[in-house]
Amino acid sequence: MSNIRIPIVEPGPLSFKARYIARRNAVFANPRFQYWAAKLPLINLIARSRASAAFDLVAGFTYTQTLRAYVESGLFDTLAKGPIGANAVAAEIDLSKEAALTLLRAGRALRLSEEAHSDGWMLGEQGAVLAADMGAQAMVRHHRLLYADLADPMELLRQDRKESTDLSRYWSYAGALHGAAKSGEKTREYSELMAASQHFVADQVLASFRFPTGAKLLDVGGGHGAFLTRMGQANSSLHLGLFDLPEVVETGAQVLAEAVGSDRVSAHPGNFFEDAIPTGYDIISLVRILHDHDDEPASKLLANIRASLAPGGRLLIAEPMARVPGAEGMGEAFFGMYLWAMGSGRARSSGEITGMLRSAGFSSTRTIATPQPVNASIVVAKA
């Protein structure tokens with residue numbers, strides 16, 4: 001046997017927070033505490049809420065797959081014509097009556113479906129919202145790739161990030177389609193997904209950030225102009241600049257011109273890592289771009305943008321961020337694992353982004369609260 005001895009590192013003194021967490025966890029895990037918490041008025045409400053949240057963690061995959069079944073079967077469209085009986089639902093989505101009822105009842109618990117009367121099914125509250133949102137449904141269909149990669153989460157985390165996954169193969173293929181500006185059935189999911197992503201973020205920007213009258217806005221990595229279109233339609237005095245790969249900008253400029261008029265649009269072909277960012281703009285936006293890249297290329301991009309801005313110019317970063325109160329799960333749980341599977345980038349907190357901006361040479365930063373941080377948070381930096 002080997003005589004190599006592994007040194008034992010003694011833990012240092014615990015901080016007050018660490019001692020508090022350890023004590024709290026010991027109390028919560030104690031069966032006697034759980035028993036009495038379930039009996040005491042008021043305390044039992046908290047205990048029930050936490051028990052429900054814990055069960056949601058266990059059952060969450062079943063919930064998502066139930067939603068996926070509603071989307072992929074077309075059940076939302078069927079229920080929108082309701083009230084409709086279980087036999088008719090079964091015929092519409094090619095299931096037995098028993099299977100259809102199982103799905104309808106599962107969705108009822110999630111407010112996707114609802115019984116108006118005996119054997120009369122309609123959309124539930126959540127179902128009505130999702131049935132009207134084609135973009136959200138596109139995201140549900142897309143997430144099947146992430147679920148496949150997460151079938152064995154430990155294996156995913158152990159493999160090199162550059163190894164191929166279902167999600168990384170999708171983005172590699174979609175990126176090629178995007179660059180070639182192709183159309184057709186193969187690109188439908190990609191186009192819908194992009195529209196949904198930009199729609200969610202654009203709404204938060206419009207609700208939270210005021211563009212100066214007559215400002216010039218450049219969207220870096222702006223694709224086919226979905227974000228700029230929303231900004232231009234809501235702010236008639238904005239001049240819109242689009243910077244992306246040459247083959248992408250060509251299509252994006254046409255889309256923008258049709259939406260807001262060619263006199264308000266400037267197209268700039270280039271690679272934001274290798275080429276200089278166009279100058280002369282008051283505000284530059286990065287919409288769900290920064291978190292797609294690892295720290296080194298992300299820092300390089302920020303420095304490139306800083307070099308293009310005149311003193312007083314601003315950079316607006318809008319994307320889902322980590323450690324945002326009320327949206328913690330979206331940042332590090334969902335996007336943390338999603339970007340790991342994608343093979344690039346990570347969710348960052350506003351504090352981490354602020355540190356990167358300072359290192360890139362920006363003079364000041366501020367975080368702007370949004371109505372729905374689960375969709376996006378905003379950090380604005382001044383040159």
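Predicted model: local features only at pLDDT ≥ 70, side-chain atom pairs only at ≥ 80, totals over all residues.
Strand 1 and strand 2 form a hairpin with two residues between them. In the turn, aspartate 119 has a positive phi of about 55°. Strands here are DSSP E runs of at least two residues, helices are H or I runs of at least four, and both are numbered from the N terminus. Strand 1 covers residues 113–117, strand 2 covers residues 120–123, and they pair in the antiparallel sense over four bridges. Pairing requires at least two DSSP bridges between two strands.

Residues are numbered from 1 along each chain as its sequence is written, and side-chain values use heavy atoms, with hydrogens and water left out.

Now the whole protein. It has 17 helices and nine strands. Of its 383 residues, 42% count as buried. Buried means under 20% relative accessible area, exposed means over 50%, and partly exposed lies in between (1.4 Å probe, protein chains only). The accessible surface comes to about 20,800 Å², computed by the Shrake-Rupley method with a 1.4 Å probe. Carbon and sulfur atoms hold 56% of that surface. Among contacts between residues at least 6 apart in sequence, 66% join residues at least 24 apart. A contact means heavy atoms within 4.5 Å.

Seven strands build it in the order 5-4-3-6-7-9-8, with mixed pairing. Strand 5 (265–269) and strand 8 stand at the edges. Each has a single partner strand, so one side of each is left without a neighbour in the sheet. The twist averages 20° from one strand to the next. Strand 3 (residues 216–220) and strand 4 (residues 239–244) run parallel, joined by five bridges. Aspartate 219 stands opposite leucine 242 in strand 4. Helix 14 (residues 246–260) packs on the sheet and touches strand 4 and strand 5. The direction of helix 14 makes about 160° with that of strand 4. Such angles run from 0 to 180 degrees between N-to-C directions, with axes fitted to C-alpha atoms, for helices over the stretch in contact.

Threonine 370 sits in the loop between strand 8 (364–368) and strand 9 (377–382). Threonine 370 is buried, with a relative accessible area of 11%. Its side chain reaches the backbone oxygen of alanine 376 at 2.7 Å. Leaving aside residues up to four places away in sequence, threonine 370 touches Gln204, Ser208, Ala376, Ser377 and Ile378.

Helix 8 (residues 134–142) is mostly covered, with eight of its nine residues buried. Among them are Met139, Val140 and Arg141. At the start of helix 8, a side-chain oxygen of aspartate 133 reaches to within 3.1 Å of the backbone nitrogen of glycine 135.

Finally, the aromatic rings. The structure holds eight aromatic pairs. One of them joins phenylalanine 334 and phenylalanine 335 edge-to-face, at 5.1 Å centre to centre and 85° between the planes. Rings of Phe, Tyr and Trp (its six-membered ring) pair if their centres lie within 6.5 Å; planes under 30 degrees apart count as stacked, over 60 as edge-to-face and the rest as tilted. Phenylalanine 334 counts as partly exposed at 22% relative accessibility, whereas phenylalanine 335 counts as buried at 6%. Phe334, Phe335 and Tyr338 form one aromatic cluster.

Conventions. Polar contact = N/O pair within 3.5 Å; in protein donor to acceptor, adjacent residues only side chain to side chain.
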